[in-house]
Structure formats: C-alpha cells, structure tokens
Amino acid sequence: MDAFRPLGTRRTLIRGTGPLVETVRAEVTSACERFGGEVVRDGPYDLLLDLVAGDDLGLGAEGFAFARAGGTTTVTASGQHGVLYGLFHVVRVGEDAFRGTRAREVHRPAAALRMLDHWDNVAVHPVMGQVERGYAGGSLFWRDGRARGDFAQVRAYGRLLAACGVNAVSVNNVNVHEAEARLLTDRIGEVADLAGALRPYGIRTHLSVTFAAPVVLGGLSTADPLDEAVRGWWAEAVHGVYEAIPDFGGFVVKADSEGQPGPFTYGRSHADGANMLATALAPFGGTVHWRAFVYDHRQDWRDRSTDRARAAYDHFAPLDGEFADNAVLQVKHGPMDFQVREPVSPVLGALPRTRFAVEVQATQEYTGQQRHVCWLGPMWSEVLRFRPDGEQGATVGELAQGGLVAVSNVGDDPFWTGHPLAQANLYTFGRLAWRPDADPHHILDEWIALTLPSASTSERLAAGLRAVLHGSWRTYEKYTAPLGVGFMVQPGHHYGPGVDGYEYSPWGTYHFADRDGIGVDRSAATGTGYAAQYAKPWAELYESVASCPDELLLFFHHVPYGHVLRSGKTVVQHIYDTRFEGVEEAEEARRVWAGLADLVEPARHARVAERFEEQVRCAREWRDQVNSYFLRKSGIPDERGRTIH
Ligand code: GCW
C-alpha cells in the first residue's frame, strides 16, 4: 500500500505553469506509473489541479480550495505553492477525496513561515559532533567538511517537508563555528546547491550567521552594528548571497547567548543588532530571525536573585516597537530550555509591536533523544492555544505572525528520525504550523494513516499506534523531573537521570531540593518575580501556591515535601507514584508494540522494539534514582511500601 495509490489510479488534469507545477506534474506522473492512472491534457478527468490567475477566493500564495462535484475533485490555487499543498491534501484525504460531493473548503496556512532549523555542523565539532543535539545519524546536508553530493536525498527531504506543510529550512547550526561562518561568503555556493535541491518543493533556504562575521570573515576591527563600515560589509555580503540564491529566505541569529558574539560587546541593543541585518536583507525581501534565547550561562549557583527564566523577557520586552518590519523575534516556547514541562514563555504576547516566531524543539534533546517515544503534539498544541492575555485574548498561534519554527529531528538515518515514531513529531509540527488550533490527535491519526497505510485497513494497528503514541509525552514526564522543576539530567549530553547534575553549575537550572522541600520560588511576593512577567490572569494564577497548576508547581514555588497538591496527594507521594506509573506505562507501550509485529514491516518493527528496550531500561533508572534521591532527602517513606533504594 502507498498513500499515493488513490491519486495514482485516477485521471488527473493539471493546469498552470511554473517550477512547482512541474513538481506536481512529476509527482502525479510517477504515482500513475506505479498505480495505472494517467495525467491527461483534456477530456474526462477525476481530478483537476488548477492554477488560476488572480486571487478572487482570497487563497493567498500558499492556500488552495478543495471541492468535489459532478464526479470531479478540484484543487484551485492562485499561487504555485497552493497547487503543491493541494496535491498533498488530496493524498492525505485518500480515497475519500474521490467519493460523493464536497462543498468548497478553503485551506490557508496560519503562519507564512513554517521553518525547520537544523543544528547541523559542516565540520564535525569535537564535542557536539556533526549535528548538535542530533539523534538521527549524520547530517543530510554536510559531511566530511563539505556539502554532501547526495542532492537526491536533500530533494527527498524537501518533498517530505512539503508534504508536512513546511516551507523553510535553515541549513546550519545556530552555534556558528569557523567553517560554518564561511557559508555566508566564499562557501555560499554550497548553500546554493542545497537551496537548488529544496526549491522544487517550495522550500526557501535560510542560513545561521555569526554576528562577528565582519571581524572573522571581513577582517574589520569591529562588528559594531552602528558602524558604517560594518553596515557596508553586511550589505555587500547579503548582495553576494542573493546573487547565488535569488530566493534566499534570510538569516537566523543566536547572539550574546552561550558564548556566541552579539551587540552587547559594543554596548548596543539587540534591536540595533537585528535591525542592521534587517536593513541589509530588506532590498531582497529577506528576513532576520533573531533568537530571544539570551541569558547568563555563567551564573553563580549561590546567588538566588538571578533567575534564568526571567532573562528573555527582561532583555526583550523593553525593546518592543524597535524592531524593523523584516526582523522576527524567535522565541523558545518556554522560558528555560525545551524541558518536558515548562510554562509558556511570557515573551509570547508581551511585545505587541514586534513580530515573533515560536520555536519548539522537534529534536528530543530533553525528551528522550529519539530513543524514547515522546510525541510532542499535545505539548506544542497547549503552547499554541495559550492565551497570553487571558480567556478573552488571542492565542499564541494567532499572535505568532513571524511563524513557527522547530529545531529539526531529522538526519541521514534510513528512517529519517532515528526512532521511526519520532517522524510523528515532524509531521505534527508542520500541520500545527499550518493550523495551530488543529486537534493534535487528529493530526496523529493522519500521520498514522499516511505512514503506515495498512493502519487504515487494520484497526488493530491504528489502535496500537495510538496507544503507544497518544500519552507518550505524559509518560515521559512521569518518570523524569517532576512537577515542572525541569533538568535533573546528566550534564553535557542531557540523557538519563542526574538529579543534581546541574544543581551546582553555572547554567541557572536549579531545583533547590533540601531535606524539607523542593522547587524554585518565582513568585513576586517572596521569589524572583518571574510570575509577574505574565499578564494579570496568569500572573495571579501562578503567584499563589493554592492556584498554581500542579504540573507547574515546582517551577513557580518552593514547597515542603508534605505539601498537598490540588490532586490531593503530597508532593513526595506524587513523585513516588508517578515514577512507578511512568515505568509501567513505558513497559505497557513496549508490550503493545511487540504485539504489532505481524502488522509492521520487519525492519521498522525491529528498530522501534530495540528502542523500547532502551526506553524501559532508562525509565527504570530514572524511577530508581529520582525516588531514592527524594526518599533519602526527605526521609518520608512511600505510603505503599514499594521498593525504593
Ligand atoms: O538547549 C540548548 C542546547 C544547545 C543549543 C541551545 C540553543 C544550539 O543544549 O545545544 O545550542 O539550547 O538553543 O541555542
């Protein structure tokens, strides 16, 4: 079975011209070659893919209309992207696309930019390797210090992304090392080759650049954003980029963050820095994505007044209204760093006059590193549905006019994502970027049907996959760091338990557990004041121990182990119970997967089965270390007398 079968057995008429229409034609032709249908020039047809002049239907550049009447299914678009996305929509709907009648539906992406950021290094980094936080093999783009020759694979990746609705890719790590810095200038040809392979699927290419480029590449003595020579250098560099890649998307910049250079060195603001690049990009229609991940990573753990969670808001809220139109503030979804549970970042919604993008992490750095099943759809959906101004206000998804960005979880692994089930995260991201209010469970069902088409005929397979994936994020949360406190991972690689791994480190990620209690007091009354960065309804909710949601309690408050949660359990008993439950759920998921062996292609089944062994082993390790730690700290026994070491 193949998801393209319903399309490939039909007669299709394709109207319109242009490179993306040619891609669509090639797709339909190849599906017909496999399944016996035909691409026709006129005469009777089952499917019409129609690129029309003008935009009477208000479809925009990427939208399309989908309808069925008189035995014909029609996709109408006013831009080539719309035809491409319409084609994939037909594939998604499958046989149903050719049944009965259907009133016209208009599909338009909510966010104009739906981007994957690759943290891929050109040269293997001594500590971070080829792909920083990559768990899917090597890089699709780079190998042996150069762009890989295998553009067919890059093209196939573009196809995969287009099928998910993604339209932009940044091809190198935001930590820009020496070799990578040169992609901007003398090595731009390699980026152009990648852009050429991605372009047929409507993907624009972006590049991460170093703020120090005028110094490290241009030989200038400064990178001061207000210096005329520096501005001139960037203008020229950008000119060169557009000569090589006329549809280049723009830059991604990590500045003044974890050792990357930035405008602070010159006493300038982040608006100064971003706007300088925006000015250079503006004549060509490019955008600068400026990351808000700016904080002090050399903090003194003894100093309780500094709170890393506050940093992005403190740095950027005062700059609202100062950013150029083609500058987008790229904000991590939580205030810390992609933990399994964090509140929504207070930056989202705090800068009404600034375009922002939300950055999520598809690569599972802190969520099991693609050895554990952890489907993140429900977490991302919660973020996108969050209303920063309270119930009457708009959602984050509606406000994120700068787009949605995910750190990529893809590499050159035969299953793309290392763990085959991690593909569900990639797909869910693309679909949520298209429609942030979509039900993630519905998206998961789509993914199941498309990826394992036999799932549409085998209810046992579909039910099994749902059972394994649906609750996997909460299962992971249950056996790792409790109640929103975060981290507790092994330092450096961030895999597996290390309860005090970051407790006495400079990174600003503490849980403050002692013999009496645990958690970070971020209240305005007695703590760091972080809770007051939210608009009133949220600030009030988080400020009080009584109203703070259980799952975020230790993020916002330091409480005794005997504190009774809203659930009725004490904190310490909750910790014990959820660790045991988490392991049981992981074991159950492993069992369900084992029972699907006759329904899944052997190689895929074996890969997932092997990862489940590791997940269960690691979950037990988490359970035992976390439970032993809190039993020893608190001296409070488990009510149910289970073995804790
Ligand atoms: O989560 C941290 C990661 C770093 C990463 C950084 C960032 C690319 O541990 O590896 O650097 O976030 O987002 O910039």
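Leaving aside its neighbours within four places in sequence, which residues is Trp234 in contact with?

Modeller: Happy to! A word on the basis: this is a predicted model, where local features need pLDDT of at least 70, side-chain atom pairs count only at pLDDT 80 or more, and totals for chains, interfaces and linings use all residues. Residues are numbered from 1 along each chain as its sequence is written, and side-chain values use heavy atoms, leaving out hydrogens and water.

With those sequence neighbours set aside, Trp234 is in contact (heavy atoms within 4.5 Å) with Leu184, Val209, Thr210, Phe211, Ala213, Pro214, Phe251, Met276, Leu277 and Ala280. Trp234 also belongs to the largest nonpolar core, which has 195 residues; Trp234, Leu184 and Phe251 are among those touching the most other members. Such a core is a set of buried (under 20% relative accessible area, 1.4 Å probe, protein chains only) Ala, Val, Leu, Ile, Met, Phe, Trp, Tyr and Cys residues joined through side-chain atoms within 4.5 Å.

Now the surroundings. Strand E14 covers residues 250–253 and runs parallel to E15 (residues 287–291), joined by four bridges; one of the bridge pairs is Gly250 with Thr287. Helix H9 (residues 270–281) packs on the sheet, touching E14, E15 and E16. Helices (H or I, at least four residues) and strands (E, at least two) are DSSP runs, numbered from the N terminus. E14, E15 and E16 belong to a closed barrel of eight strands with parallel pairing, where pairing takes at least two DSSP bridges between two strands.

Notes
Buried < 20%, exposed > 50% of the residue type's maximum accessible area, 1.4 Å probe, protein only. Axes fitted to C-alpha atoms, helices over the stretch in contact; angles between N-to-C directions.
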